[in-house]
Amino acid sequence: MTKNATLICVPIMGETIEKMVIDIQKAKLNGADLVEIRLDSLATFNPSQDLNTFIQHHHSLPFLFTYRPTWEGGKYDGDENQRLDALRLAMELGADYIDIELKVAHQFYDSIRGKTFNKTKVIVSSHNYQQTPSVEDLGDLVARIQATGADIVKIATTAVEITDVARMFQIMVHSQVPFIGLVMGDRGLISRVLCAKFGGYLTFGTLESGIVSAPGQPTLKDLLDLYNFRQVGPETKVYGIIGKPVSHSKSPILFNKAYKTVGFDGVFVFLLVDDLANFFRTYSSTDFVGFSVTIPHKESALKCCDEVDPVAKSIGAVNCVVRRPTDGKLIGYNTDYVGAINAIEDGLRGRHNSSGTAISPLSGKLFVVIGAGGAGKALAYGAKEKGARIVIANRTYDRARELADVIGGDALALSDLDSYHPEDGMILANTTSIGMQPKIDETPISKHALKFYSLVFDAVYTPKMTRLLKEAEESGATIVKGLEMFIGQAYEQYEKYTGLPAPKELFRNIMENY
């Protein structure tokens, strides 16, 4: 059933034993493999009594006991000998695992010399809350931890950039001992998912989002349901959405669900990237095969590719990068415009029901694009290709003029759009973030001006129904939602990523429910 041996551990951080016991049951119910009892989070702790209570509940799940001191990022600031006594007692009572910090590991092992604890595996851990050391230094650290006699090596570092995680993967893949390697922070998130591919001993998943024992931990639910963690193995191909910010993206939900449904061996992750060129240089192996690109990296992605599709080149932006299997070269595409233009054409055809014609229903139409950024460029280019006449409206007139000159069209200041009416039956496409959550009461154009348009498209898809679309519908125009563009561009990417035809019905159902 599962393609990896990586365990999912839920940190239990209740202030009382009662709360902990409830959370342990929740963890078991929701599919955890073991729990980490954070003794340092208890408001009061009586070792002999409380450890017995835990071990009696033991039929539920394997237990890892951690009693983290403040000097290693935990909450315990009492007597050191008492702390180590409690962990020794946990071993005597038959705990499955205990965690000991590298700083005190030799001292701890000296204190249990000659005793045999058949059951307990000792994790010796090191935490770095500043950065991630070089591969060489990480290797030395593993050797130092192994030298203590540890059963399992645990190293947690901090990601300053997402490229730091690659060094942890390198150590993990080559480790000869059971190894837990996690990189903390938002930029380290992939370490917590892809350890299943690279052979990590365990990863942490929380019961609730936001309540974490270390920065950047995903929820247990996301590991199992969003990332299909149990289906990630050594051969699994890695895809992701590159952006900054990136956590709002719906792509991981869409692609992971689709991969799971059709049985495709891939996982799709969030990639919070600061320096794109450095990212592509670092993750250059054939494991990392496909990347969706969003703001602010679409223009720089074009420069990072070895080859760029002519359409993407004309637009000046790439939103999809695929690593060619034959030579490892990066090929850049723009699927943004395909999704939007197809959706707009379908909307127009629905109006006149002339789907059989080879000529685009956009041919000869006046097409007004709001916004002169990457998406505006893509739409203007796509509509132009279909024979439409283009007008660019933008807050700063100069940017609009610049794009209009490149594409061969007219320019307009956004403030003049309300009084612009050279003809009826025009088409309007908003490619700006006006009207996007949280500012859902904004719109780029007055309602009275919408009666001159036969179709209105809005690239914003949170909310699904923007103020612009509501008012356009009330004015009698056909409306096309931003979700259509999102789904349309995803079809194209899915086919490039997998070589399979896009499951269009499935995509639609997933997005209807998100």
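A strand here is a DSSP run of E with at least two residues, numbered from the N terminus, and a pocket is an open set of grid points with protein on both sides within 12 Å along at least five of seven lines. The views below show a predicted model.

**View 1. Lining of the second largest pocket.** Strand β10 gives the most to the lining of this second largest pocket, with 3 residues. The elements that give two or more residues to this lining are α8 (220-226) and β10. The second largest pocket holds about 460 Å³ of space. Its lining is made up of 22 residues, and Asp-186, Leu-189, Tyr-227, Ser-247 and Phe-270 lie nearest the centre. By residue class, the lining of the second largest pocket splits into 11 nonpolar, 8 polar and 3 charged.

**View 2. Stacked pair of Phe-255 and Phe-268.** The structure holds 27 aromatic pairs. In one of them, Phe-255 and Phe-268 are stacked, at 4.6 Å centre to centre with 10° between the planes. Phe-255 belongs to helix α9 (residues 251-262) and Phe-268 to strand β10 (residues 266-272); the two residues are 13 residues apart, and the pair links distant parts of the chain. Both Phe-255 and Phe-268 are buried.

**View 3. Tilted pair of Phe-255 and Tyr-497.** Phe-255 also pairs with Tyr-497, in a tilted arrangement with 5.6 Å centre to centre and 55° between the planes. Phe-255 lies in helix α9 and Tyr-497 in helix α17 (residues 482-498), so this pair ties together parts that are 242 residues apart in sequence. Tyr-497 is buried, as is Phe-255.

**View 4. Cluster of aromatic rings.** Ring pairs join Tyr-239, Phe-255, Tyr-259, Phe-264, Phe-268, Tyr-491, Tyr-494, Tyr-497 and Phe-507 into a cluster.

**View 5. Lys-496 and the ring of Tyr-333.** Lys-496 lies over the face of Tyr-333, with a distance of 4.5 Å from the ring centre.

**View 6. Lining of the largest pocket.** The volume of the largest pocket is about 1,200 Å³. A total of 43 residues line the largest pocket, and Thr-294, Ile-295, Lys-298, Ala-375 and Thr-431 lie nearest its centre. Two or more lining residues come from each of β11 (288-293), α11 (298-304), α14 (374-385), β16 (389-394) and α17. Helix α17 gives the most to this lining of the largest pocket, with 5 residues. The lining residues of the largest pocket divide into 17 nonpolar, 18 polar and 8 charged.

Notes:
Residues numbered from 1 in each chain as written. Predicted model: local features only at pLDDT ≥ 70, side-chain atom pairs only at ≥ 80, totals over all residues. Heavy atoms only, no water. Phe/Tyr/Trp six-rings, centres within 6.5 Å; stacked < 30°, edge-to-face > 60°. Helix = DSSP H or I, 4+ residues; strand = E, 2+ residues; numbered from the N terminus. Buried < 20%, exposed > 50% of the residue type's maximum accessible area, 1.4 Å probe, protein only. Lys NZ or Arg CZ within 6 Å of the ring centre and 35° of its normal. 1 Å grid on protein atoms, 1.4 Å probe; cavity = no way out; pocket = protein on both sides within 12 Å on 5 of 7 lines; lining within 4 Å. Points joined across faces, edges and corners; volume = space filled by probe spheres on them. Nonpolar A, V, L, I, M, F, W, Y, C, P; charged D, E, K, R; others polar.
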